[in-house]
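Please read the points beside the sequence and the model.

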Amino acid sequence: MNVAALFRMAGAGWVLAREGAFAMVDPTPLPGAPRFAIRMARLIERRGIDEETRSERLTAALNRLGPSYVKLGQFLATRPDIVGQATAEALGRLRDEIEPFPDAEARAMIAEALGRPVEDLFTEFSPPIAAASIAQVHKAEIADAAGSRAVAVKVLRPGIRRRFRSDLDTFYQGARMVERFDPAARRLRPVAVVDTLARTVTIEMDLRLEAAALSEMADACADDPGFRVPAVEWDYTARDVLTLEWVEGIKLSDVDTLRAAGHDLPLLARRLMQAFLRHALRDGFFHADMHQGNLFVEADATIVAVDYGIMGRLSPAERRFLAEVLFGFIRRDYRRVAEVHFEAGYVPGEQHTVDDFAQALRAIGEPIHGQRARDISMARLLTLLFEVTELFDMQTRPELLLVQKTMVVVEGVSRSLDPDFDMWSASEPVVREWIERHLGPAGQLELAADGVGALGRLATELPRLAERANRLSAEMDRMAEHGLRLDPETIAGIGQSEARAGRWGRVALWVIAVAAALAALRWLF
C-alpha cells in the first residue's frame, strides 16, 4: 500500500470537503463508516455555499487540485450510476480552466516534438488563446508549398504525464479502499472505473491519436449536410503537438452574435442533434464532448466541431439497441422498447417479465407526449429511465452512459439556440432512416450474408477447437483422478500475501485517522 498516496488522498479530501463537494452525496443509503465520514466532512465545509454556487466551488476545488482531478470530474460526469444524478449534473457543468503555461515552455515543447524551432515552422505564433487541463492552444501561420494559412496549434502541458501517473496512484488507492471496506460499493467496480479513466486520459495525452480521430471522423462525415471537421496538418503534428486548420466562425455559445449574423437558430439546433445521432448510429463513432465551447458556425451555417480528445464508440449491437429504444419512445411502442432490453440481456428475464417492464416504461413515456417541446427534458427522461431500470435489476451499461450523457449535452446546446426545440421530431428522421436501412429487407439480407461468412470462418476453426477440447478433457480427467495440488512455495506465497494485506490495511486506517485528526485541528485552530 502506497502511504504517500494516502496522504495525497487526505489532502484532496480536505480541499473537496472545504468547497462543499460532499454536500451533493446523500449519505442515507451508505454503510455506517462512509456515512460517518461524509457527515464529518460536512463539518469543515466552507460557510455560505448554496446550490447556485456549488458547481462554481466544485470547479475551483478540482482546478486547484490539478489537471488529473479535473479529468476525473469530467469522467465521473458520465457515470451518474456511481456519483448520483445531482452530482453528475454538477460535474457536467465543470469548466476546465487552468492557467496557461509560459509561452517559452510551449515553444520548447514544439521544438522538441517537431525537431525544429518555432521560428522555422511558423511565420507567426501567438500567445495561448485557450488553456485546459491537458493542453493549451495557440494561433499560428504556416507558409509552405501549399500556401499560407492560419492554423491552431495544440501543445501538451509540460509534465502532465508524470503528474497524472502520480495522481493515478492516489485514485487507485482510493478505489481499492472502497472495494475493501465497503462491500456494497463493489458492484460499481471502482477499480475498473479508474482503469477506464486511465485508458481514456492516456489516449487523450497522445495528440497523434486525437489527430487520427479527427481524420476518421472527417472521412465518416465527408458527405454530411451542414457539419464538418477541421483538417489535420500531419507534417506539424506529433505526440505532444497537434496542428489543424484554424476555424473562422462564431461559437455556438454566442447566441446573440449568431442571431445578428442572420443564422436560422432552430435550423442549427436540429442540424446539431441530427449530426450527433447520425455519427452515433450510422458510424458508431461520435464526438463525446460537444459542449458549446467546442462548436463553431461558419458563414454558410456549417457547424464545425473541435477538440476530439474524448470520443465514443458503439458496437453494432449497441447501435441497434439505442435506435430501437429511441424509435420505440417516438412511436410510443413501449412493449418493443421492453423487448429490446430483454433481447440484449440487460434485464434478467428469469426475474422479470416484458409486460411489467413495458408498463414501467409507459409511466416514463406517456407524460412527455402531448407536452410542449420546451417542457420535455432528455435529462429528466434519462433520470426516470435509470430509476426504472434499477427497479428491474438492470446492470449499468458503461458503453451506453457516454452516448446518453452526450445526448443530454447536445440537447442542452440545441435548447440554448431554440427554446422550443423538439428532441423527438429532430431525432425521428435519422432514427427512422437507420431502422429502415438496418432492420428492413436490405438490412436482413446483410445480416444473412454476415451469418454465412461467420459459419465459414467457424468451419475453418473447427479442427483447432476440437484439438483444444481434447486437451482440456484430458486435463480434467487428470485433475479428477489426482486432485488439484499446490506446491509448498505457492502455499507459502499466499500466506505471506495475506499477511501483508492485513498489515497494510491496519496501517492505512491509522494514516487516515491521523490525517483526519490533523484536518480537524487545522479547522479548529
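Which exposed residues does the face of α16 turned away from its buried side carry? That face of α16 carries Q359 and A363. Point 2 sets out the rest of this helix.

1. Basis of the note. This is a predicted model, in which local features need pLDDT of at least 70 and side-chain atom pairs count only at pLDDT 80 or more, while totals for chains, interfaces and linings use all residues. Residues are numbered from 1 along each chain as its sequence is written, and side-chain values use heavy atoms, with hydrogens and water left out. Helices (H or I, at least four residues) and strands (E, at least two) are DSSP runs, numbered from the N terminus.

2. Helix α16. This helix covers residues 354–365, and its 12 residues reach 16 Å from the first C-alpha to the last, close to the 16 Å expected at 1.5 Å a residue. The expected span is 1.5 Å times one less than the number of residues. V354, F357, A358, A360, L361, I364 and G365 are buried in α16. Here buried means under 20% relative accessible area, exposed over 50%, and partly exposed in between (1.4 Å probe, protein chains only). Down the axis of α16, the buried residues fall within an arc of 160 degrees, so they line one face of the helix. The arc is that of the directions from the helix axis to the C-beta atoms.

3. Helix α7. Residues 103–114 form α7, which has 12 residues and also reaches 16 Å between its first and last C-alpha, close to the 16 Å expected at 1.5 Å a residue. Its buried residues are A106, M109, I110 and L114. These lie within an arc of 105 degrees as seen down the axis of α7, so they line one face of the helix. A104 and E112, on the other side of α7, are exposed. Just after α7, G115 takes a positive phi of about 80 degrees.

4. The sheet. Four strands form an open sheet in the order β1-β2-β3-β5, with antiparallel pairing. Two strands pair if DSSP finds at least two bridges between them. The edge strands β1 and β5 each pair on one side only. On average, neighbouring strands of this sheet are turned by 30 degrees against each other, direction ignored. The strands β2 and β3 run antiparallel and are joined by 10 bridges; a hairpin of two residues connects them, and D144 stands opposite G147 in β3.

5. Five bridges pair β3 with β5 in the antiparallel sense. V151 has E245 in β5 as its bridge partner, and K154 has L242 in β5. Four of the five residues of β5 are buried, leaving the strand mostly covered.

6. Helices on the sheet. Which strands of the sheet does α7 touch? Helix α7 packs on the sheet through β1, β2, β3 and β5, and its direction makes about 110 degrees with that of β1. Helix α11 (residues 207–220) packs on the sheet as well, touching β3 and β5, with its direction at about 25 degrees to that of β5. Contact means heavy atoms within 4.5 Å. Axes are lines fitted to C-alpha atoms, for helices over the stretch in contact, and angles run from 0 to 180 degrees between N-to-C directions.

7. The nonpolar core. The largest nonpolar core has 132 residues, of which I110, F122, V153, F227, F276, Y308 and L361 touch the most other members. Helix α13 (residues 265–283) gives the largest share of this core, 10 residues. Such a core is a set of buried Ala, Val, Leu, Ile, Met, Phe, Trp, Tyr and Cys residues joined through side-chain atoms within 4.5 Å. Leaving aside residues up to four places away in sequence, F227 touches C221, A275, H279, M290, T302, I303, A305 and Y308.

8. Most residues other than glycine have a negative phi. A301, in the loop between β8 (295–297) and β9 (303–305), has a positive phi near 75 degrees. A301 is buried, with a relative accessible area of 16%. R332 has a positive phi near 60 degrees and lies in the loop between α14 (316–331) and α15 (334–343). At 44% relative accessibility, R332 is partly exposed.
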